[in-house]
Amino acid sequence: MQLLKESILSRGRVVGKDILKVDEFLNHQLDIKLLNEIGKEFKKKFNGKEINKILTIEASGIAIASIAAQYFDVPVVFAKKVDSKNLDKDTYETEVYSFTKARNYTVRVSKKFLNKEDNILILDDFLANGRASLGLIDLVNQSGARVSGIGIVIEKGFQEGGSIIRSKGITLESLAIIKEFKNGVPIFK
Ligand code: G4P
Ligand code: NA
Ligand code: NA
């Protein structure tokens, strides 16, 4: 997606060896025009797939999923990372390992929001090692629903997430795939 790649090049910033900061437009300040184009692009990529619900994970996935959902005309469910008193006791749960935080955390979705009739599109901002996406796939599997596909805004192609998910035969569409960072500049696949 050209507009996304241009935004990454002009407004993103490479930090250290393998982190791309996109807080100017994607996961802190939000560029709503760009998010709308991202939503339309996901709709194009998954056109013809049966999808009645979008699943994402807090926090950064929520904005992307919510705007995309308007083009699919379906509800959004976001998995919770933080346990709360108000969350139902009856939840699907999975453990996700975070490489950036070097620890496991529990991710939950209330059982009433994932059903075996559902065809789910999983959306997220980044795909790195794939642990968040694998956790969401696990939640969908526990509910008996199907994963219709996974849409990612930025895939870091030099980390293993993309190949793990594709090797499962799941349709994975990433709007920008970064092959490497060369002298602090993202190089797209
Ligand atoms: P994984 O799910 O692909 O295995 O990701 P990993 O553990 O490597 O990364 C954990 C968090 O860091 C995720 O957000 C992920 O979206 C984010 N992340 C990974 N690589 C990058 C990057 O290059 N740039 C940015 N900006 N974020 C990256 P999270 O902790 O779940 O947080 P949230 O922001 O959604 O709350
Ligand atoms: Na995320
Ligand atoms: Na993030």
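Colleague: Which residues does Asn129 touch, not counting residues up to four places away in sequence?

Modeller: Asn129 touches Phe99, Gln159, Glu160 and Gly161; two residues are in contact if their C-beta atoms, placed from the backbone, lie within 7 Å. This is a predicted model, where local features need pLDDT of at least 70 and side-chain atom pairs count only at pLDDT 80 or more, while totals for chains, interfaces and linings use all residues. Residues are numbered from 1 along each chain as its sequence is written, and chains are lettered from A and ligands numbered from 1 in the order in which they are written.

Colleague: Why is Ala128 called buried?

Modeller: A residue is buried if 20 or more other C-beta atoms lie within 10 Å of its own, exposed if 12 or fewer, and partly exposed in between, with C-beta atoms placed from the backbone. Ala128 has 22 such atoms, so Ala128 is buried.

Colleague: And what makes Asn129 partly exposed?

Modeller: Asn129 has 18 C-beta neighbours inside 10 Å, so it counts as partly exposed.

Colleague: Where does Ala128 sit?

Modeller: Ala128 is in the loop between strand E7 (119-127) and helix H4 (131-143). Helices (H or I, at least four residues) and strands (E, at least two) are DSSP runs, numbered from the N terminus. Asn129 is also in the loop between E7 and H4. The unreviewed UniProt entry annotates a "binding site" that covers Ala128, Asn129, Gly130, Arg131 and Ala132; UniProt positions are in the numbering used here, feature names are shortened, and annotations may be inferred rather than shown by experiment.

Colleague: Which residues come nearest to ligand 1?

Modeller: Ser60, Ala128, Asn129, Arg131 and Ala132, out of 21 residues around ligand 1; a residue is near a molecule or strand if its C-beta atom, placed from the backbone, lies within 6 Å of it. Strand E2 (19-21), helix H3 (60-72), E7 and H4 each give two or more residues to that shell.

Colleague: What makes E4 and E10 edge strands?

Modeller: The open sheet has six strands in the order E4-E3-E7-E8-E9-E10, with mixed pairing. Strand E4 (76-79) and strand E10 (185-188) each have a single partner strand, so one side of each is left without a neighbour in the sheet.

Colleague: How do you know that E7 and E8 pair?

Modeller: Two strands pair if DSSP finds at least two bridges between them. E7 and strand E8 (residues 146-156) have eight bridges, in the parallel sense. Leu127 stands opposite Glu155 in E8.
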